[in-house]
Each structure stands twice: as C-alpha cells, then as structure tokens.
Amino acid sequence: DRERGAEDESDELFYENLTGEIEAKYEGGVERDGRTLARIVLTGELASSFEEEADTSAMEGIEFDENSERSAFEVELSGELLWDVEAGHAAHFLLESEIRFALTGEQSADFDGTSFEAKFEQVFEGKSVIEARFAAGE
C-alpha cells in the first residue's frame, strides 16, 4: 500500500465532479485501401471543477485564515473511429480536443505581526491530438 498523496485526492475530486457527455454516432461506411470501414463519429464536451485546500507544506509555522484553490477543467472533443467490420477490429482512431484548465487560489494569513493576502490565477489552454492505426496480426 502506498500513501494517498495530494495528487490522488485531486484525481478523486476531478472524477467525482466530472460532467458532460461523449456521443458516438454511426455515420455509414467509407472506402479506405480497397476496404469498406464503418465510420463512427465522436463528439462531446466534458467539464470538472472543484475546490480544495492549497498545499502549504513548504510554509511551516504560518497559520492561514484563508487557503483555497479552485481547479476548473473544460474539454471539447471530436474525432472518429474507423472499424473494419470484415476483420473485426479497429482500423483507425482519431481524437482531437480543445482543452482549458484554470487554477485559481486565495490565501491570507498573519505571520509575526504581518498580515498578507495573495490571489492567483493560472490558465492553460491547448490542443490534444491522439491518433492510432491498427493492422491485423500475422
């Protein structure tokens, strides 16, 4: 058994608060390399947001009045799965995603007679592409 760390707890909160849906819709057959493949189109939107206490382990001796972090994750995805019906396996998979992750936080504390307040916001945006091709084994 390994100890549960902050990342494990964040992962759990992420999945507990995950909402949205992914739709898979059969769109007919397409010709590729002389074969007819079933085309399944994927579309969807997913989101998760949660609040937790910020990690302050590096700041020993400080008593925080406010210490929170909020994570918000959004993804829009689209793609397709091409299925070789005759061979009984996937032939090609493509999934493209637009991803946005925002981390905001707020801390306030008194330390040796000095009070401080800090707020932050970090936003990460980008695109993810996953592509795979499959071939029957010998």
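**A guided reading of the predicted chain**

The chain contains one helix and five strands, where helices (H or I, at least four residues) and strands (E, at least two) are DSSP runs numbered from the N terminus. Read from the N terminus, the order of these elements is α-β-β-β-β-β. The model is a predicted one, in which local features need pLDDT of at least 70, side-chain atom pairs count only at pLDDT 80 or more, and totals for chains, interfaces and linings use all residues. Residues are numbered from 1 along each chain as its sequence is written, and side-chain values use heavy atoms, with hydrogens and water left out.

Some totals describe the chain as a whole. Of its 138 residues, 27% are buried; buried means under 20% relative accessible area, exposed means over 50%, and partly exposed lies in between (1.4 Å probe, protein chains only). The accessible surface comes to about 10000 Å², and carbon and sulfur atoms account for 45% of that area. Accessible areas come from the Shrake-Rupley method with a 1.4 Å probe, and for residues only the protein chains shown count as cover. Among contacts between residues at least 6 apart in sequence, 60% join residues at least 24 apart, a contact being heavy atoms within 4.5 Å.

Ser-48 lies in strand 2, and Ser-48 counts as buried because its relative accessible area is 3%. Residues up to four places away in sequence aside, Ser-48 touches Leu-13, Phe-14, Asn-17, Leu-18, Ser-71, Ala-72 and Phe-73. Ser-71 in turn is placed in strand 3. With a relative accessible area of 7%, Ser-71 is also buried. When neighbours within four places in sequence are set aside, the contacts of Ser-71 are Ser-48, Ser-49, Phe-50, Phe-101, Ala-102 and Leu-103.

Charged side chains provide another set of links. The structure holds six salt bridges, each defined as a side-chain nitrogen of Lys or Arg within 4 Å of a carboxyl oxygen of Asp or Glu. In one of them, the side chains of Arg-35 and Asp-84 meet at 2.7 Å, N to O. Arg-35 belongs to strand 2 and Asp-84 to strand 3, so this pair ties together parts that are 49 residues apart in sequence. Arg-35 is partly exposed, its relative accessible area being 32%, whereas Asp-84 is buried at 5%.

A further bridge joins Arg-39 and Glu-80, whose closest N and O atoms are 2.5 Å apart. This pair, too, links distant parts of the chain, with Arg-39 in strand 2 and Glu-80 in strand 3, 41 residues apart. Arg-39 has a relative accessible area of 28% and is therefore partly exposed, while Glu-80, at 11%, counts as buried.

The bridge between Lys-119 and Glu-117 has its closest N and O atoms 3.9 Å apart. Both residues are exposed: Lys-119 has a relative accessible area of 59%, and Glu-117 has one of 57%. Salt bridges that share partners also join Arg-35, Asp-84 and Glu-86 into one network.

Which residues form the negative surface patch? The patch consists of Glu-21, Glu-23, Glu-27, Glu-45, Glu-74, Glu-76, Glu-96 and Glu-98. The elements that give two or more residues to the patch are strand 1 (19–32), strand 3 (63–84) and strand 4 (89–111). Strand 1 supplies the largest share, three residues. Patches are made of residues with over 30% relative accessible area and no salt bridge, with like charges joined within 9 Å and nonpolar side chains (Val, Leu, Ile, Met, Phe, Trp, Tyr) within 5 Å. Glu-23, which lies in strand 1, is partly exposed because its relative accessibility is 43%.

The last feature is a backbone angle. Most residues other than glycine have a negative phi. Asp-33, although not a glycine, has a positive phi of about 50 degrees. Asp-33 is located in the loop between strand 1 and strand 2 (35–53), and Asp-33 counts as exposed at 81% relative accessibility.

Key: Lys and Arg count as positive and Asp and Glu as negative; His and the chain ends are not counted. The place of a charge is taken as NZ of Lys, CZ of Arg, CG of Asp or CD of Glu.
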